[in-house]
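User: I am new to this structure and would like to learn how to read it. Could you walk me through it step by step?

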Amino acid sequence: MMEREEMKNTQLFDLSQTIAAELFTRYDYPWEVLPHIGEFILSIGARLPEEEYRKLGEDVWIHKSAKLAPSVLMTGPAIICAGAELRHSAFLRGKTIVGEGAVVGNSCELKNVILFNKVQTPHYNYVGDSILGFKSHMGAGSITSNVKSDKTLVKIHAADGDIETGLKKVGAVLGDQVEVGCGSVLNPGTVIGKNTNIYPLSSVRGCVAPGSIYKRQGEVAVKEERG
């Protein structure tokens with residue numbers, strides 16, 4: 001488990017690794033950022049240098065070095081940063097920032113998300129109302145679940161008490177360099193600390209401490225430091 005202090009933006013992320021650093025500095029916690037992604041994209045889109053970014057439609061900005069498959073489908077607002085790669089049949093449903101060198105793979109769907117630089121969602125992933133930190137990786141078929149089955153507002157279950165988000169839709173927050181195993185489901189309001197590994201086929205609820213190995217609910221090991 002994590003205490004709420006450990007879930008602050010400054011604890012989870014290297015903010016130098018996202019074009020959205022300015023947005024994160026306005027708020028303490030990542031779920032507070034989620035309702036403002038779309039308006040932030042619109043506010044900085046017009047400031048992006050025309051010699052580096054091309055604009056599609058009214059509110060999609062794509063860096064000229066990014067690679068997009070012909071079958072990609074996007075709705076704005078969205079920013080695709082330098083060196084990012086969107087592969088066959090990727091579907092971006094709006095309010096999406098794809099960081100530098102990030103990969104959105106075949107048949108992946110993104111909605112209201114921020115992918116930090118070098119994030120990988122390479123195969124059959126759904127990521128909605130979520131934030132993925134620097135170099136985090138979603139294994140094939142792993143998804144974020146962003147709405148509770150009873151449709152009530154999402155709470156963050158911290159070690160020192162529940163945190164009310166006031167939001168119906170909150171997916172997952174992955175700190176920097178988190179590895180999510182294939183076929184895993186990250187339930188609404190899941191927060192995973194930096195440098196943590198999630199075993200394949202896991203169903204993750206609540207908050208997982210940084211530097212951990214999540215094997216199953218109630219069985220979480222601390223990573224050994226390698227000298």
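This is a predicted model: local features need pLDDT of at least 70, side-chain atom pairs count only at pLDDT 80 or more; totals for chains, interfaces and linings use all residues.

User: How many helices and strands does the protein have?

Analyst: Helices (H or I, at least four residues) and strands (E, at least two) are DSSP runs, numbered from the N terminus. Here the protein has four helices and 25 strands. Its radius of gyration is 17 Å, close to the 17 Å that the globule rule gives for 227 residues, so the protein is as compact as a globular protein of that length. That radius is taken over C-alpha atoms, and the rule is 2.2 Å times the number of residues to the power 0.38.

User: What share of the residues count as buried?

Analyst: Buried means under 20% relative accessible area, exposed over 50%, and partly exposed in between (1.4 Å probe, protein chains only). In this protein, 50% of the 227 residues count as buried.

User: How many positive and negative side chains are there?

Analyst: Lys and Arg count as positive and Asp and Glu as negative; His and the chain ends are not counted. The protein has 25 positive and 26 negative side chains.

User: And how many salt bridges does a search of the whole structure find?

Analyst: A salt bridge is a side-chain nitrogen of Lys or Arg within 4 Å of a carboxyl oxygen of Asp or Glu. The search finds nine. One of them pairs aspartate 160 with arginine 4, at 3.9 Å from N to O. This pair links distant parts of the chain, 156 residues apart: aspartate 160 is in the loop between β15 (155-158) and β16 (161-164), and arginine 4 in the segment before α1 (9-12).

User: Which residue forms a salt bridge with lysine 155?

Analyst: Glutamate 164 does, with the closest N and O atoms 3.7 Å apart. Glutamate 164 is exposed, at 53% relative accessible area, whereas lysine 155 is partly exposed at 31%. Elsewhere, salt bridges that share partners join Glu22, Arg26 and Arg47 into one network.

Technical notes:
Residues are numbered from 1 along each chain as its sequence is written. Side-chain values use heavy atoms; hydrogens and water are left out. The place of a charge is taken as NZ of Lys, CZ of Arg, CG of Asp or CD of Glu.
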